[in-house]
Amino acid sequence: MVGITEQTAILAKYLDLPQRGKILAEYVWIDAEGGTRSKCRTLDSKPASIDDLPEWNFDGSSTGQAPGHDSDVYLRPVAYYDDPFRKGDNIIVLTECWNNDGTPNKFNHRHECAKLMTAHSDEVVWFGLEQEYTLFDQFDQVYAWPKGGFPAPQGPYYCGVGTGKVYARDVIEAHYRACLYAGVTISGINAEVMPSQWEFQVGPCVGINMGDELWIARYLLQRVAEEFGVKISFHPKPLKGDWNGAGCHTNVSTKSMRVPGGMKDIEVALSKLAKRHKEHVLLYGTDNELRLTGRHETASIETFSSGVANRGASIRIPRSVAKEGYGYFEDRRPASNIDPYLVTGIMVETICGSIPDADMTKEFARESSD
């Protein structure tokens with residue numbers, strides 16, 4: 001850890017050097033494993049809009065996104081953010097992956113999601129995602145856990161304060177500030193039930209912006225963790241036994257749900273969700289069956305349920321929403337390793353209606369196609 005800190009201090013003097021008017025643009029994309037990759041290029045001037053950013057490409061055969069004989073995958077910029085690492089006018093660019101025949105790469109789920117968000121833009125769908133994750137050390141042990149042993153049982157760690165109750169708060173605080181600097185709509189953080197498990201919340205965000213901002217927040221977390229020598233796991237059940245899993249609870253509301261009397265629209269949405277439980281679970285993250293067991297504040301993956309203030313249900317209606325008669329609902333089924341484009345896409349498809357040229361279930365199936 002000391003060595004990493006020393007290297008970061010040495011790097012700082014180079015980051016202060018003038019760039020002679022040039023801009024560094026870090027292009028970020030989503031790979032075949034549901035992680036992020038990035039590489040940097042130099043721009044001659046600061047972009048005024050997304051249209052000023054050039055298309056780029058990468059070797060898809062090295063990321064599992066293309067065969068070796070036809071390996072070029074194209075990066076099309078869709079959003080950009082201030083770079084908290086390089087600062088100045090430097091930027092981080094979120095991109096979509098496209099094949100050279102003009103079709104979206106099979107791991108590009110943003111394209112289909114955006115169609116649904118555009119078709120239902122009048123609904124002004126707000127999302128808020130609660131991203132849980134677990135910290136590991138360089139040797140793949142849960143961060144700060146006793147070597148060869150376990151900490152005390154769960155209880156004192158959730159929103160805990162003090163030595164022995166929380167770990168790596170410096171990593172979490174650094175990530176929080178990086179998100180704020182970048183322009184991500186990060187709305188909060190907290191320590192979770194399992195020690196060395198944390199959560200950050202992003203939102204409310206409208207439509208496609210939700211997926212964009214969560215991916216950038218994840219990228220920033222991984223970059224920050226690099227500097228502290230910490231690994232980040234988004235696995236929904238990183239440790240077997242009597243330990244909580246990790247989810248990405250998805251809070252949702254349409255314009256009509258957010259006004260007095262909106263509870264009836266929430267109830268209609270829940271009825272629609274109940275009928276498509278299996279389709280949703282399919283898109284709600286890999287290994288989610290290890291987490292959705294009916295224990296540790298989860299519902300069973302086999303059945304759909306809902307309830308007021310019930311954290312053991314598929315869908316939770318907050319007590320305040322039930323009291324006031326309008327607001328939002330929380331889908332507690334999504335795992336921590338979701339692709340937010342798949343989750344927000346199928347949510348809009350189910351509660352707002354399908355459209356002819358987008359089907360999120362078929363979109364997910366493209367990943368396993370040849």
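## Aromatic cluster and ring pairs

In this predicted model, ring pairs link Trp145, Phe150 and Trp243 into a cluster. Rings of Phe, Tyr and Trp (its six-membered ring) pair if their centres lie within 6.5 Å; planes under 30 degrees apart count as stacked, over 60 as edge-to-face and the rest as tilted. The search of the whole structure returns 6 aromatic pairs.

One of them is edge-to-face: the ring centres of Tyr27 and Trp56 lie 5.2 Å apart, with the planes at 80 degrees. Tyr27 belongs to strand E1 (residues 23-30) and Trp56 to strand E3 (residues 56-59), so this pair ties together parts that are 29 residues apart in sequence. Tyr27 is buried at a relative accessible area of 0% (buried means under 20%, exposed over 50%, partly exposed in between, with a 1.4 Å probe and protein chains only). Trp56 also counts as buried, at 18% relative accessibility.

Phe150 and Trp243 form a stacked pair, 6.4 Å centre to centre with 20 degrees between the planes. Phe150 lies in the loop between strand E6 (126-136) and helix H3 (169-182), and Trp243 in the loop between strand E9 (231-233) and strand E10 (248-253), so the pair ties together parts that are 93 residues apart in sequence. Phe150 counts as exposed at 58% relative accessibility, whereas Trp243 is buried at 7%.

Helices (H or I, at least four residues) and strands (E, at least two) are DSSP runs, numbered from the N terminus. Axes are lines fitted to C-alpha atoms, for helices over the stretch in contact, and angles run from 0 to 180 degrees between N-to-C directions. Angles under 35 degrees count as roughly parallel, over 145 as roughly antiparallel, 65 to 115 as roughly perpendicular and the rest as oblique.

The axes of H2 (residues 110-119) and H8 (residues 340-352) come within 9 Å and cross at roughly 30 degrees; H2 and H8 are therefore roughly parallel to each other. The contact (heavy atoms within 4.5 Å) involves Arg110, Cys113, Leu116 and Met117 of H2 with Tyr341, Thr344, Gly345, Val348 and Glu349 of H8.

The axes of H4 (residues 209-228) and H8 also come within 9 Å, crossing at roughly 160 degrees, and these helices are therefore roughly antiparallel. Met210, Gly211, Asp212, Leu214, Trp215 and Arg218 of H4 meet Pro340, Tyr341 and Thr344 of H8.

## Basis of the values

Residues are numbered from 1 along each chain as its sequence is written, and side-chain values use heavy atoms, leaving out hydrogens and water. Local features need pLDDT of at least 70 and side-chain atom pairs count only at pLDDT 80 or more, while totals for chains, interfaces and linings use all residues.
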